[in-house]
Structure formats: structure tokens, C-alpha cells
Amino acid sequence: VSASQSTNGSHFSSSSGGDSFFRSVLSSMEQVYLNRNPTAKAILELVGSTDANQICYDHIAYRTFGVNGYGIDSISKFFLDFGYTQREELRFPKKKLKALWFSPPNVSSINGGSGVHGPLPRIFISELLVDQMSPQAQEIIRKYIGLSGAGHKHTVLSSALGCLTWPKPSHYEFEQLASESEYAAWTLVNGYMVNHVTISIHRLKSRLKNIKNFNEFIEDKGFKLNSEGGVLKVSPDALLLQSSTVADSIMFEFSDGIKELVPCSYIEFAERIVLPEYKDLPEDKVQEVHRRDGFEVGNADKIFESTSMDQLNRRVA
Ligand code: OOG
Ligand code: NI
């Protein structure tokens with residue numbers, strides 16, 4: 001058994017205590033996310049009421065500092081313990097990032113369950129390659145990680161409670177990091193809080209199950225979508241289509257008393273097209289396993305920009 005494989009996935013079923021505990025933790029993380037991000041909350045309510053159906057999450061994403069045990073592993077452990085399987089790695093050399101994704105165990109969800117009570121989402125976790133940052137940036141990151149003590153052992157708790165495992169930075173330190181990496185600055189003030197959840201567009205029931213219709217609908221309602229490289233991100237095989245909102249901002253009080261808006265989270269949308277080998281399956285026989293799985297570096301690279309100042313300050317045309 002390779003280290004990356006979960007060994008206990010089969011122990012959990014939808015009726016077991018393990019599954020209900022796991023979903024309760026996800027639900028707490030989701031509550032923190034909804035309370036801090038009014039756009040995500042409004043869109044989930046709007047889509048839920050318009051489509052009159054369950055909303056399934058395609059994936060949930062987190063950001064981390066890849067140093068001294070604070071990286072991907074600090075949060076992936078929890079998902080591996082509850083039956084997830086480690087999948088492919090993605091690299092973003094220019095952004096100095098690495099990511100891994102994890103597929104969920106095969107537990108049947110409560111029929112018609114929505115969000116964290118529906119089919120379990122994939123998990124996407126990235127980390128900043130801290131060793132590749134400038135000495136100044138490394139000094140700031142290592143300072144807060146040092147002040148966090150054993151925080152790396154309790155990342156899931158911090159995500160579910162909605163607090164940082166390290167003290168608040170000064171405004172100057174935040175700006176220093178932001179000038180080098182917006183990802184680093186985001187992670188310093190948002191920690192392990194959910195970076196985004198993604199609505200599974202193809203699992204909607206109305207005309208919104210087509211992502212082009214969906215994007216149009218969302219923009220007509222006045223929401224701003226991330227336009228980096230075009231609103232719709234399309235994988236080279238044309239089977240994974242993604243889009244996302246521009247992140248909300250939240251008032252943050254820095255350690256020196258300065259209060260300023262900082263980017264928090266966004267919401268993403270993903271349509272997974274049926275694989276060529278299953279294209280003749282009748283529509284009512286098509287399941288998630290028949291569709292394009294995984295992620296795409298080219299799409300992800302642009303979705304990361306959903307929290308960038310360029311996107312936040314953009315005016316809607
Ligand atoms: C993650 C961006 C990538 C995807 O689905 O490819 C992504 C992030 O902003 O942390 O979400
Ligand atoms: Ni995503």
C-alpha cells in the first residue's frame with residue numbers, strides 16, 4: 001500500500017458515526033465560509049431556489065504554507081482518515097505553488113441531500129513553496145508559523161472554528177507579502193479557512209446545468225466573475241469547464257490597529273463533460289464516474305486569480 005493511499009476508506013458508510021462526524025466538520029467549515037462571504041451565500045441561495053433542486057459540491061479548496069509541517073499534509077491527513085484517496089499533483093512554477101487533489105470514498109449520500117449532505121466533494125489543497133520565496137517573505141511566514149506553536153496539528157479545527165492558528169500580522173507585513181505573492185498574503189490572513197466551494201453545474205436540473213447559461217444567469221444578477229484568461233476556463237481536452245466569482249473582501253484588524261479590507265473567499269462553478277467512451281449512454285444512465293475527473297493546471301492557474309487585486313478592483317463592463 002503506497003503512502004498516498006488511504007487504507008480505511010471502506011470502513012465508512014453513510015449511516016456510520018464516522019460519516020456523520022465527518023459531515024458535521026465539513027458543515028462547520030461551510031458555515032464559517034457562508035458567514036464570511038456574502039456573495040457565495042447569495043449565489044447558493046439563488047441557485048437553490050431557482051433550480052429547485054439539490055446543489056452538489058464538486059470540490060472544496062484550501063490554501064497552505066508549505067513549510068515546517070504547515071503544508072498540504074497538515075490538512076489532507078483529516079480527509080485521508082475519512083476515506084479519501086490522494087490523486088494527482090499539479091505544479092505552478094511561476095506562482096511557486098504546488099497542489100494535490102483527493103477523491104472521496106464511495107459512500108452513498110442521503111437521497112436528495114444538498115451541499116455537505118450530498119455526494120462527498122473532491123478536495124483540492126495547495127501550498128506555497130516557501131523555500132523559493134525571497135528572504136524577507138520567508139522571514140514573515142516563518143515568524144507566524146513559529147508563533148503558531150503546534151497549530152499545524154489543528155488545522156481542521158481552525159478551519160471549522162474560523163480562526164487563525166497564528167497571531168494577526170501587522171499591516172506592513174501583509175503588504176510586504178502581497179507585493180511578492182497574493183497567495184501568501186491571502187493565506188497569512190485567512191489561514192485554513194475554506195478558500196472556495198465549487199457547485200457541480202452538470203448535476204443541476206434546469207437549463208443552468210450548462211455552464212454558459214449558468215455564467216450568463218449569474219452575471220445578469222449582477223455578480224462579477226473572474227475574467228482572467230476569459231470567464232470560462234476550458235481544459236485542453238475541452239471536458240472540464242470552470243468559472244468563478246471574484247472574491248469578497250472582509251474588514252481585517254491588523255496587529256498595529258490598522259483596519260483594512262482584505263480578500264477572503266470566492267465560489268466556483270464546474271461542468272464535467274461525459275467522457276468520449278460514454279458519449280452514447282442515455283442521459284439518465286450517466287453518473288459522475290462517466291465524466292471527466294480531476295483538475296487542469298491551465299484552468300487552475302487562472303482560478304487562483306479570483307483573490308487577486310487585479311480582479312477585485314476590476315470594474316464590471
Ligand atoms: C485554487 C485555484 C484552483 C481549481 O479548481 O482548479 C482551483 C485556489 O484559488 O486556491 O480551484
Ligand atoms: Ni477549484
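**Entry 1: the β2–β3 hairpin**

I began with β2 and β3, which form a hairpin with 4 residues between them. Lys96 sits in the turn, and I noted its positive phi of about 55 degrees. A reminder to myself: this is a predicted model, where local features need pLDDT of at least 70 and side-chain atom pairs count only at pLDDT 80 or more, while totals for chains, interfaces and linings use all residues. Residues are numbered from 1 along each chain as its sequence is written, chains are lettered from A and ligands numbered from 1 in the order in which they are written, and side-chain values use heavy atoms, with hydrogens and water left out.

Helices (H or I, at least four residues) and strands (E, at least two) are DSSP runs, numbered from the N terminus. I counted two strands as paired if DSSP finds at least two bridges between them. Strand β2 covers residues 85–92 and strand β3 residues 97–103, and they pair in the antiparallel sense over 6 bridges. I looked up two positions: Arg91 has Lys98 of β3 as its bridge partner, and Glu89 stands opposite Leu100 in β3.

**Entry 2: the sheet**

The open sheet has 8 strands in the order β2-β3-β4-β1-β5-β10-β7-β6, with mixed pairing. β2 and β6 stand at the edges with a single partner strand each, so one side of each is left without a neighbour in the sheet.

I then stopped at β4. It is joined to β3 by 6 bridges, running antiparallel, and to strand β1 (residues 57–65) by 7 bridges, running parallel. Phe124 in β4 is the bridge partner of Ala61, and Trp101 stands opposite Phe124 as well.

How many residues of strand β4 (residues 122–128) are buried? I found 7 of its 7, where buried means under 20% relative accessible area, exposed over 50%, and partly exposed in between (1.4 Å probe, protein chains only). In a regular strand the side chains alternate between the two faces of the sheet. In β4 both faces are covered: Arg122, Phe124, Ser126 and Leu128 are buried on one side, and Ile123, Ile125 and Glu127 on the other.

**Entry 3: aromatic rings**

I found 20 aromatic pairs in the structure. Rings of Phe, Tyr and Trp (its six-membered ring) pair if their centres lie within 6.5 Å; planes under 30 degrees apart count as stacked, over 60 as edge-to-face and the rest as tilted.

Phe78 and Phe79 make an edge-to-face pair, at 5.3 Å centre to centre with 80 degrees between the planes. Phe78 is buried at a relative accessible area of 12%, and Phe79 is buried at 0%. I also picked out Phe174 and Phe254, a tilted pair at 5.3 Å centre to centre with 50 degrees between the planes. Phe174 lies in helix α6 (residues 171–180) and Phe254 in the loop between β8 (249–253) and β9 (259–263), so this pair ties together parts that are 80 residues apart in sequence. Both Phe174 and Phe254 are buried.

One aromatic cluster takes in Phe21, Phe22, Tyr62, Phe78, Phe79, Phe82 and Tyr84.

I checked charges over rings too (NZ of Lys or CZ of Arg within 6 Å of the ring centre and within 35 degrees of the ring normal). The charged end of Arg63 sits over the ring of Trp186, 4.9 Å from its centre. Arg272 lies over the face of Phe295, 5.6 Å from the ring centre.

**Entry 4: ligand 1**

Which residues surround ligand 1? Among them I listed His59, Arg63, Phe124, Asn195, His196, Glu268 and Phe295, each with a heavy atom within 4 Å. Phe124 of β4 turns up again here.

For polar contacts I used pairs of N or O atoms within 3.5 Å; within protein, one must be able to donate a hydrogen and the other to accept it, and residues adjacent in sequence count only if both atoms are side-chain atoms. An oxygen atom of ligand 1 lies 2.7 Å from a polar side-chain atom of Arg63. I read 2.8 Å between a ligand oxygen and an N or O atom in the side chain of His196, and 3.0 Å for the corresponding contact with Glu268. Taken alone, ligand 1 exposes 320 Å², and the protein buries 100% of that (Shrake-Rupley method, 1.4 Å probe; for residues, only the protein chains shown count as cover).

**Entry 5: Asn226**

Last, I looked up Asn226, in the loop between α8 (211–220) and β6 (233–234). Asn226 is buried, with a relative accessible area of 0%, and its side chain makes a polar contact with that of Ser306 at 2.9 Å.
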